[in-house]
Structure formats: structure tokens, C-alpha cells
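Subject: Handover of a protein structure

Dear colleague,

Please find below the structure that I am handing over to you.

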Amino acid sequence: MPLANLTPHRQQPLPLRQLQLIDLADDNGCSRFLRLYSAQNAMRLGLRIRRGLRDWRRVVPLVGVIGDYQRSDFGHDVMAGLIVGMVTIPQAVAYALLAGVPPQSGLYACLLPMVIYAVFGSSKQLVVGPVAIAALLVTATVSELAPRYSEAYLGITTLLCLQVGLLLGALRITKMGGLVTLLSHPVISGFVNAAAILIIISQLPGLTGVSVDDNTNPSSALTGLLQQMSLMNPYAIVFGVGSLLFLSVSRPLISRLLHALGVTAAQQHPLTRVGPMIVAMVATLVVATLDLQSNLATVGAIPTGLPQLTIPPMTLELWLELLPAALIIAIVSYVESYSIGTTLAGRSNDRINANQELLALGLANIGAGFTGAYPVAGSFSRSSVNFAAGARTPASSLVCAVVVVLTLVFAANLFVSLPNAVLAAIVTTSVFGLIDFSKIRSNWDIYRDDSVTELATMALVLVLGVELGLLAGVALSIALFIRNSSQPNITQVGRLGESEQFRSVKRYAVQLHEHILALRIDENIYFANAGQIEEKLLRRVAGRQATKHLLLVCNAVNHIDATGLAMLLRVNQKLQRSGVQLHCSDIKGPLTAQLEKTELPTVLSGEIFFTADQAFKSLSGERCGASC
């Protein structure tokens, strides 16, 4: 049967020459022409529409979600959105105070940014909004600049949002989604550990009711706290310590209650995460009932209603001063969000698009800048709750945004009596789970440089501050990488038994040839290690008097730069003067294409072989067949 008969039938546009054969002078011919021409245009229009829909699905993933949405998804998304909303409201207010902005700004950060990410984000369960790390970076940045700009703290914060969004957008345009590799895992771990410690220290004054001048600096915060121990507020201590104790045991207590009510898998139930909402409601009720507002600091009145659109300040000097900090916040927020999104996607066998995440987070931060909020990112705690609650699509985030809207419109006054000490306890317990030192010890046995990088980054952040400390940690990570790659491992290899495999002479009993020295270069050849490689190659040849052929096995080499190429040419000349031929084998395709554009293949004293096995057979005089 012809292959054409096996393919599905697809109507093709009528060729132009066939259209020209129709007699337009005849009424029937004219009508036929118009029908065929219209059908052809309709097919073309249909193709354009289908292509446009595919493009929209890529740029606006929510379009595809809506197209595939099922009735069974609705209940799961609504339940997840309601639970995440209960977790989000107290956290948003607490993180706003951590960032140094009014409490309503934390709630505003859960509205337009959350909706924008739900529309453009590629993750189905990631919840974007206020997070502790971003709040710490904001307060560390803005607290230094606000005194010089008439204390325009909130205005500077909104400008910071706009810059973060624009920088993420610029990274998206340049397709720099792979930027996630810029920060190594040890740098991220060290930074998160140090940031969590800084946040906990910054909350100690709030837990004790003491006011310090600078709670962003750990030494200043601790010194101020010790100097004013006699001024500690007993009411704040009772509410703060009591909230800490309740939050530390709330999850097992709620899980036992759910188990008693017959709920299956009670320990993993998302309702076990609503401890912050419970402690906030109870504390507010106690303060209002006992009329304790005058005895301790509370949140106070929150403006009722939705945020108004505002334009961030456009001072050029302020823009330039904020730019370095905005870049750091943008990178950290993206890395944090991408890591969380990837983790959640792996649990549900989904995939997220790195460049699409740059677009979604960029637009979300721009939205935050125009609604009086501060920089947002993906929240690990709320995203985990969203996933555990059974969210299937970004519609759960839209439901969460509705919960926040209803709170701002009808329940904003409930925060008047909420103690700041309780919010400090919520922040402390939220970030305490971020501290993780387990990898330091395990990495010490596997790769010590990772442990050194993590410890150094943590110490640098604590001493120099979040921005300089993070930059110093990145610089240290890059320096260690360059140091290690500048000292490449060069291994002598030989034939493993009678096989075509070649392995290290130090680990296997391999066959060698007295006239052939086969060395495997286990690193890319570039400016940082070219000198070391040249020295080691010449020394190895000089230490083996019978060597007539030096074979470079390049299966681990992916790149050679101009410095590396010049080094190989020098080695070729020096060996040639000593009566030794230089050969290469196992060169990968991209590297072969790169070398073909150079003079190396023509001036090489030896040959370039496909494999080390072919090289040994040819150079030792063995017969290797047509493959040689």
C-alpha cells in the first residue's frame, strides 16, 4: 500500500494555476472560484488562529489551563485557595512589618502580584507574594537610603519593586533563564541560613517589646536588647513567648484533632498549617477583650479597601543607587521561586519554563510597584500548603486573592488589636524551618570546597550584611571553581584487558605500550589551566624516555579557548623537536568543528583518531580494520 494512503487526509489549498483555469466569465465558474477562494482563505485563517492559540498558551499559560479545566478541579482549587488564604493573611502582615512597610502593604503584595503570576506563571502550585528573605533584603536596602530621601520609605520600596520587575523582564528578553546556575547550592544554603538567623535576631526586640535603633545589624540588635533588658514589656513577652510555644506544637496538636475527627493522613493535612491564623485570632480577641492596647504595641488600623494605583518616584539618582540592590533581589527572588517551582513540579510530574518564570515574576513585581507593595517571590511555606491542599491549577491563587480582598474590604479592622509580638513570633517560626546545617557535614566528606563556601557565605552575610555578604559568597564560589579548574587532573590510561575500553593505570590493571603515552585530560582547556596542562604534559613525556607518541584522550574536554589552542601548538612544536609525535583522540563533535577552523589539524605532528582504541592499534602496528 502506498505511504500516501496511510497518512491522514488533509485538505490542501487549491493551486493558483487550477484557479486560473476556471472560466470567470461563466456565472457557475465565478461562483465556484469564489467558493474555492473563500475555502482557501478560511483554511489559512484557521491555521493562523491555531498558531496564535499555541503562542498564547506559551506566553499566557492560564489560557491553556482554562481550555483544559475540568469541573472536578474546581473543588480542589477552592479548598486549597481558602486554606492558603488563612495562612497568607497573618504572614503577609508579619512580613510587611519585617520589611519596614505598613501592614497593608503585605496584603497588597498578595493581590495584583498573585493574580499576575497565576496568569503568566508556568507553575500550577507556586504561590507568589511576600516572603521573609525578600523582606530582609528590602529593609537592609531601604533603611540606608530612606533618611537621605525625606524618609520616603514606602516610595523607595515601590521603586525597588519596579526595578526588580524590569530587571527580570530584561533577563527574560535576553533569555537568561539559566541564571539559576549563577548561585551554587552551597552559596544559596549559606545565604538562607544566615538570612534566617538575621531575621530571628531582628524579631527579638518585637518579642520583648524593646525598641532598638537598628535591628537589621545583628550586633547592634543584640547590643541594644541587652542594654534595655530592664525596659522589656512583660505583656509583649507573654504574648510573644506564648505564641512561639503554641506555634511550635500547633501542627501535631491540629493533626491529632483532625485524626480524632476521622480525617485520614492527618499529619500531612494542610489545615495543620493554619496555626498562625489561630494564634493571631486568639491574641487579637484577648487584647480586645481585656483592653490591652495601651500596654503593648499592636498593628493598629489598616485602611479599608483595595490599594490605589501609585507611580513610584522617578528620581534618577535614586534609581542608580537602588540598581545594585534591585539586581540582587531580582536574582535571589528568581532563584528562590524557580527552586520551589521545580520542586513542586517534580512532585506532580510537571515542568516549568525558566524563561516564562522570569516574565511572570517580572510582571508580578511591576504590579507590586504600582500598588504600594514591596518585592515578591515564590513562598515555600504557602506553596507547600497549596500543594498539600490539593491545588490543581493556578485558580487556587485566584481564590486566595479573593480571600485577601474580602479581608481588606470587610475585616481590616480586626488587625487593630493584633500584637506585634505575635507577628514577631509568626516570622520567627516561619524562618526557623529554613535553617539547615546538615549538608555542611556531609559535603565535608564529599567535596570540602562546598562546605567551605557555605560556611564562608553564612559568616560573610552575618558580618558584612545580606548584599555584600552574598556577593562575597558568589565571588568565593567562582574563585574556588577557577582554582580547581586551573589545576586539572591528567590521568595516564591504558587498555582494559582485550576490550576497547581505556581506564586509569592507578585503578585498573591495564595494558600499556612502551612507545605510547596516553594521557586523559579531565578538564576543559582554557586560559586558567593552559599553563598547568602544558607543564604536566612535557614533564610526563620527559619522565618516560621510551615515549615516541603522546596521545591526548579528550573525551572529557568540551571546550578549548584561544589560550588553550596556543598551548597545544607550543606543545606540538616542543615534542616534535624531541622526536615525539602528538596525537589526539575521542574529540567530541562540537570541539571537532571548532578545531577544524584552526591550523592545529594541519600542523599536528601526529594524527587525530576517532577513539583511543584505534590510536593504540594504529600506533602499535596492530591491525584495526576499516574503522582506522
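The accessible surface of the protein chain comes to about 31300 Å², and carbon and sulfur atoms account for 60% of that area. Accessible areas come from the Shrake-Rupley method with a 1.4 Å probe, and for residues only the protein chains shown count as cover.

Two remarks on how to read the values are needed. This is a predicted model, in which local features need pLDDT of at least 70 and side-chain atom pairs count only at pLDDT 80 or more, while totals for chains, interfaces and linings use all residues. Residues are numbered from 1 along each chain as its sequence is written, and side-chain values use heavy atoms, with hydrogens and water left out.

The chain as a whole

The protein chain has 25 helices and eight strands. Helices (H or I, at least four residues) and strands (E, at least two) are DSSP runs, numbered from the N terminus. Of the 628 residues, 47% are buried. Here buried means under 20% relative accessible area, exposed means over 50%, and partly exposed lies in between (1.4 Å probe, protein chains only). A contact means heavy atoms within 4.5 Å. Among contacts between residues at least 6 apart in sequence, 79% join residues at least 24 apart.

The sheet

Strands of a sheet pair through backbone hydrogen bonds, either parallel or antiparallel. Two strands are taken to pair if DSSP finds at least two bridges between them. In this model, six strands form an open sheet in the order β4-β3-β5-β6-β7-β8, with mixed pairing. Its edge strands are β4 and β8 (608–609), each of which pairs on one side only.

Strand β3 (residues 490–495) is largely enclosed by the rest of the structure, because six of its six residues are buried. Three antiparallel bridges connect β3 with strand β5 (residues 516–521), and Ile490 has Ile521 of β5 as its bridge partner. Strand β4 (residues 502–504) is also antiparallel to β3, with three bridges joining the two; Val493 stands opposite Ser504 there. β3 and β4 make a hairpin with six residues between them, and Gly497 in the turn has a positive phi of about 60°.

Towards β8, the pairing with strand β7 (residues 581–585) is parallel, over two bridges. Ser585 has Phe609 in β8 as its bridge partner. Helix α25 (residues 612–619) packs on the sheet, touching β3, β4, β5, β6 (549–553), β7 and β8, and its direction makes about 170° with that of β6. Such directions are those of axes, which are lines fitted to C-alpha atoms (for helices, over the stretch in contact), with angles running from 0 to 180 degrees between N-to-C directions.

Salt bridges

Side chains of opposite charge can pair when their charged atoms come close. A salt bridge is counted when a side-chain nitrogen of Lys or Arg lies within 4 Å of a carboxyl oxygen of Asp or Glu. By this rule there are eight salt bridges. One of them joins Asp613 and Arg495, at 2.4 Å from N to O. This pair links distant parts of the chain, with Asp613 in helix α25 and Arg495 in strand β3, 118 residues apart. Both Asp613 and Arg495 are buried.

Asp613 also forms a salt bridge with Lys617, where the closest N and O atoms are 3.4 Å apart. Asp613 and Lys617 are separated by about one helical turn, because they are four residues apart in helix α25. Lys617 is buried, as is Asp613.

Glu535 is partly exposed, as its relative accessible area is 47%.

Gly190 lies in helix α9 (residues 185–208) and counts as buried because its relative accessibility is 0%. The C-alpha atoms of Gly190 and Glu454 are separated by 4.4 Å, although the two residues are 264 residues apart along the chain. Leaving aside neighbours within four places in sequence, Gly190 is in contact with Glu454, Thr457 and Met458.

Ser397 lies in helix α16 (residues 395–410), and its relative accessibility of 4% makes it buried. Not counting residues up to four places away in sequence, Ser397 touches Met114, Ala118, Leu126 and Val127.

With kind regards
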